[in-house]
Amino acid sequence: MISIVQQIKNSLQNKRFVIFTILFPVVFYIFFIKQLNYANTEDSGMIALFSAMFGIAGSGLNTFSQKVSKDKGYFRIMDRVSPYSYMRYMFDSVVAQTILNIMILFFITLAGVLLGNLKVTVSYLYIASLLLYFGFYYIVIGFLLGTIFNDETLASASMPIFFAFMMLNLTPNIISTMKIPEIIVTIQKFFPGYYYNEVLLYKTAEKFLQAFLVISLYIFIAGLVTVAVNKFLQINRRV
């Protein structure tokens, strides 16, 4: 069976994962810090956590979804012939992805400490914990995409998927200089990224709780849909 450790090793050996979920967010962070002429500590932390969101989302939506798509046939067979159930595979995958998300956050934080005047404060750690919780949402969505589509389709659609993510998360409350049509802003408010960005901007307990509740709702909905889709596909395979 592919253990949690082996899943992590496989991901780290994937050049696409390293480039798009670790190196790209770090470069994105450094670029913004340079543009702001080495921002102050508070801005540096906000930009680091905003950049980390891109890496964590990319890990779930692109890398993880394709991995699930490639592995699902094998693990469905194992579900029937061994004690290692498909649900156990889902659980192990969530744990492995969460550890990878912690690594993404660590590398961006390290870049901030070394290059961006970032100080790891209690406030920073609180918001970082919220981001890791937010990561469960992208893990579940990635699992759902991998369950429904084959890996060739996901590879072809990886850029459109990520651009859709950017459209939903580059919100005017975090990048005030962006001119975004009102209809797009209205759509953004239906998704958790908008409320996560509110936490980055205001850093209040009220905004933290609001974002936590919205993210929890979306994790619950995405989880229900994923379980329902898996049950539906399982029934169809038996027919």
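I count a contact where heavy atoms lie within 4.5 Å. The model I am reading is predicted.

**Entry 1: helix 5 and helix 8**

I looked up which residues join these two helices. From helix 5 come I127, L130, L131, F134 and Y137. They meet P192, G193, Y196, V199 and L200 in helix 8. I sorted these contact residues by class and got nine nonpolar, one polar and no charged.

Next I checked the geometry. Helix 5 spans residues 122-148, and helix 8 spans residues 192-202. Their axes lie 11 Å apart and pack at an angle of about 175°. Helix 5 is therefore roughly antiparallel to helix 8, because angles over 145 degrees count that way.

**Entry 2: helix 2 and helix 4**

Helix 2 covers residues 15-35 and helix 4 covers residues 86-115. The two axes come within 10 Å and cross at roughly 30°. That angle makes helix 2 roughly parallel to helix 4, because the cut-off is under 35 degrees. I noted the hand too: helix 2 passes helix 4 in a right-handed crossing.

Then I listed the contact. Helix 2 supplies F17, T21, I22, P25, V26, Y29, I30 and I33. Helix 4 supplies L100, I104, F107, I108, A111, G112 and L115. Sorted by class, the contact of helix 2 with helix 4 holds 13 nonpolar residues, two polar and no charged.

**Entry 3: aromatic pairs**

How many aromatic pairs does the count come to? I get 23, taking rings whose centres lie within 6.5 Å. I followed up two of them.

One is F31 with F32. Their ring centres are 5.6 Å apart and the planes stand at 85°, an edge-to-face pair.

F54 sits in helix 3 (residues 41-81), while F162 sits in helix 6 (residues 151-169). The pair therefore ties together parts that are 108 residues apart in sequence. I checked accessibility again. F54 is buried at 2% relative accessibility. F162 is buried too, with a relative accessible area of 11%. Both values fall on the buried side because the cut-off is under 20%.

Definitions and conventions: Residues numbered from 1 in each chain as written. Predicted model: local features only at pLDDT ≥ 70, side-chain atom pairs only at ≥ 80, totals over all residues. Heavy atoms only, no water. Axes fitted to C-alpha atoms, helices over the stretch in contact; angles between N-to-C directions. Helix = DSSP H or I, 4+ residues; strand = E, 2+ residues; numbered from the N terminus. Parallel < 35°, antiparallel > 145°, perpendicular 65-115°, else oblique. Nonpolar A, V, L, I, M, F, W, Y, C, P; charged D, E, K, R; others polar. Phe/Tyr/Trp six-rings, centres within 6.5 Å; stacked < 30°, edge-to-face > 60°. Buried < 20%, exposed > 50% of the residue type's maximum accessible area, 1.4 Å probe, protein only. Left-handed = near helix turned anticlockwise from the far one by under 90°.
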